[in-house]
Amino acid sequence: MARGMGLCCCFIVVVMALLKGATAAQTYLVGDSFGWKVPPNSSYYTIWASRRTFYVGDKLTFNWTGSHTVGISHIQAEYDNCTRDPGEVLNSSGPGVIVPLETSGSFYFYCTVDDHCGSGQKFAINALTNGSEPPSPSSACSFTIGAFVAAVVSTIVITVLIYD
């Protein structure tokens, strides 16, 4: 019985380790139901983005009515200063746009119309490679999945050796 239970636990651990890196791409609606428009406060989109973890392969959907753009930059100073001519401006005449995150790194999104950016219509994200871990708070447990797997496998091996 112990041998069967040990094999079952080992199988579960292996499956968990394999599934850890298999994160499916997500599509995010920027601002959720609020959409992409001048927000009610300057931290609205920053808070929205901070509640999510973005990976390469994910997509951001920007929906709007009225006059808006999606400026994309990889330079924080352009974002901080709401530069009118960032690296790329998408769909300045349409009601929305979908932005695929094709590379890892920092992305700065903001509206280049009038003072929309200065009013808080902007946010920054860090796109991670699939399987990489997001930055964790300093108070978080530093017990990694590798250490967990090693501990569980060691426990199973010891249990099988003792009870066989």
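Is Cys111 buried or exposed, going by relative accessibility? Cys111 counts as buried, at 2% relative accessibility (buried: under 20% relative accessible area; exposed: over 50%; partly exposed in between; 1.4 Å probe, protein chains only).

The model is predicted, with local features requiring pLDDT of at least 70 and side-chain atom pairs pLDDT 80 or more, while totals for chains, interfaces and linings use all residues. Residues are numbered from 1 along each chain as its sequence is written, and side-chain values use heavy atoms, without hydrogens and water.

**View 1. The disulfide of Cys82 and Cys117.** The sulfur atoms of this pair lie 2.1 Å apart (disulfide: a pair of cysteine sulfur atoms within 2.5 Å). The torsion about the S-S bond is about -70°, so the disulfide is left-handed. Cys82 sits in the loop between helix H3 (76-80) and strand S5 (88-90), and Cys117 in the loop between strand S7 (105-110) and strand S8 (122-128), so the bond ties together parts 35 residues apart in sequence. Helices (H or I, at least four residues) and strands (E, at least two) are DSSP runs, numbered from the N terminus.

View 2. Cys117 is buried, its relative accessible area being 3%.

**View 3. Thr61 in strand S3.** Strand S3 covers residues 59-63 and includes Thr61. Thr61 is buried, with a relative accessible area of 14%. Beyond neighbours within four places in sequence, Thr61 is in contact with Thr27, Tyr28, Leu29, Val30, Val97 and Ile98 (contact: heavy atoms within 4.5 Å).
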